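Good morning, and thank you for coming.

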Amino acid sequence: MSRRMISTSSTAALVLLTTSCSFIGNEDAPLSAMNPKGPFAQQIDDLFWPVFWIAVGVFVLIQGAIIFSVIAFRDRPGRLEPKQIHGNNKLEITWTVIPALILAAISIPTVSAVFDLTECGDDAMTVNIIGHQWWFEYDYPDLGIETANVMVMPVDQEVCAIMTSADVIHNFWIPALNGKRYLVPGQETLLRLQADDAGEFWGHCAEFCGLSHSLMRARAQALDPEDWQAWVAEQQEAALVPDEGTPAFEGLQLYEQLCTSCHTVDYGEGNEFTNVRSDDLFHGPNLTHFSSRNVFAGAYLPIDGETYQESLESWLANPPQVKPGSFMPDLGLTQDDIDKLTAWLGTLK
Ligand code: CUA
């Protein structure tokens with residue numbers, strides 16, 4: 001290898017090393033796996049660091065021995081050919097037994113963590129997570145709540161996520177709360193999630209699942225007990241029908257015409273505007289409390305404050321342009337239609 005190649009490749013390695021280090025514990029890197037915010041992510045982190053340092057120790061020792069041998073025993077003018085030997089049983093047994101012992105020692109906490117992370121605690125709250133192309137659905141069977149894109153959870157409470165997929169294989173990953181786990185059609189997988197403090201945690205689908213995989217994001221929002229109670233109460237309420245003659249009411253009428261084969265809004269039992277879809281059918285997100293979320297479209301578009309109008313307009317005008325392959329088609333809406341629908345969605349708090 002030429003000197004130039006050596007210096008170029010070592011510079012590249014250094015840059016890679018330092019840039020990856022900058023993500024460790026960095027609050028601006030919401031998908032960092034080095035920033036645990038709950039006991040299960042912490043459990044993985046506690047496993048990672050000792051194994052990492054053992055690996056560093058082994059690396060330094062082995063590489064050091066190689067470099068030392070290369071320099072100390074290199075060919076020099078006048079040196080005789082060294083004695084030729086084949087095999088050394090003592091040495092070979094030593095360097096087989098030591099790694100075997102190291103791996104055995106590492107496997108004990110690893111296997112126990114793997115088993116611990118696959119079984120939910122007795123006091124866990126169940127949330128069913130269903131993967132769709134390209135968004136996550138969250139159902140709270142004990143609370144009668146069905147939502148999408150943002151998984152709201154109470155602080156310091158274990159959530160037992162029971163996960164499956166409605167179409168292809170997805171993978172749910174909120175690095176601050178736990179590792180990745182597959183969502184497989186026709187199967188159930190479990191994932192334990194818990195947050196120590198209130199806050200928002202970003203996630204992403206971690207398995208290639210089609211055209212808009214890169215836009216299939218996830219959010220978890222941990223709330224303090226009071227806020228959690230308020231959220232539950234709000235989500236359990238039916239939506240309010242807007243006053244007749246308002247743009248929002250006209251938006252509701254448009255929804256009735258165009259959207260009810262995929263979407264659901266609960267206006268209360270017996271209300272003429274309530275539409276309940278069958279669970280067996282293809283469906284899009286439940287919109288009953290659409291505007292209580294701060295993101296939509298697979299947690300990709302923000303809808304808090306100023307972004308509300310802009311995001312909704314770009315989405316409603318042509319969903320597949322925002323998310324390639326989106327099953328929500330371009331409905332050919334006029335600006336007037338979009339304004340009415342946006343006004344109506346704003347009433348779904
Ligand atoms: Cu779902 Cu990638």
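First, some ground rules. This is a predicted model, in which local features need pLDDT of at least 70 and side-chain atom pairs count only at pLDDT 80 or more, while totals for chains, interfaces and linings use all residues. Residues are numbered from 1 along each chain as its sequence is written, and side-chain values use heavy atoms, with hydrogens and water left out.

Let me begin with the strands. Helices (H or I, at least four residues) and strands (E, at least two) are DSSP runs, numbered from the N terminus. Two strands are said to pair if DSSP finds at least two bridges between them.

Consider strand S6, residues 170–173. Are its two faces covered or open? Both are covered. His170 and Phe172 lie on one side, Asn171 and Trp173 lie on the other, and all of them are buried. S6 runs antiparallel to strand S7, residues 181–183, with 3 bridges between them. S6 is also antiparallel to strand S9, residues 199–205, and here 2 bridges join the strands. Phe172 takes part on both sides: it stands opposite Arg181 in S7, and its bridge partner in S9 is Cys205.

Another pairing involves strand S8, residues 189–193. S8 is mostly covered, with 4 of its 5 residues buried. Its antiparallel partner is strand S5, residues 159–165, and the two share 5 bridges. Within this pairing, Cys160 has Arg192 of S8 as its bridge partner.

A salt bridge here is a side-chain nitrogen of Lys or Arg within 4 Å of a carboxyl oxygen of Asp or Glu. How many does a search of the whole structure find? The search finds 5.

One of them joins the side chains of Arg192 and Glu158, at 2.9 Å from N to O. Arg192 lies in strand S8 and Glu158 in the loop between strand S4 (150–154) and S5, so the pair ties together parts that are 34 residues apart in sequence. Both ends count as buried: Arg192 has 9% relative accessibility, and Glu158 has 10%.

A further salt bridge is formed by the side chains of Glu250 and Lys340, at 3.0 Å from N to O. This pair links distant parts of the chain, with Glu250 in helix H5 (residues 247–258) and Lys340 in helix H8 (residues 335–345), 90 residues apart. Glu250 is partly exposed, with a relative accessible area of 30%, whereas Lys340 counts as buried at 17%.

Lys340 also forms a salt bridge with Asp336, where the closest N and O atoms are 3.0 Å apart. Here both residues lie in helix H8, 4 residues apart, which is about one turn of the helix. Asp336 counts as partly exposed, at 45% relative accessibility. Salt bridges that share partners also join Asp116, Glu158 and Arg192 into one network.

I now turn to the surface. Patches are made of residues with over 30% relative accessible area and no salt bridge; like charges are joined within 9 Å, and nonpolar side chains (Val, Leu, Ile, Met, Phe, Trp, Tyr) within 5 Å. Accessible areas come from the Shrake-Rupley method with a 1.4 Å probe, and for residues only the protein chains shown count as cover.

Which residues form the nonpolar patch? They are Ile54, Val58, Leu61, Ile62, Ile66, Ile67, Val70 and Ile71, with about 740 Å² of accessible area together. Ile71 is found in helix H2, residues 39–72, and is partly exposed at 47%.

Finally, two loop residues. His86 lies in the loop between H2 and helix H3 (89–118) and is exposed, with a relative accessible area of 81%. From C-alpha to C-alpha, His86 and Ser107 are 34 Å apart in space, and they are 21 residues apart in sequence. Asn35 sits in the loop between helix H1 (3–21) and H2, and it counts as buried at 14% relative accessibility. Asn35 and Ser165 are 130 residues apart in sequence and 28 Å apart in space, again C-alpha to C-alpha.

Thank you for your attention.

Conventions: Buried < 20%, exposed > 50% of the residue type's maximum accessible area, 1.4 Å probe, protein only.
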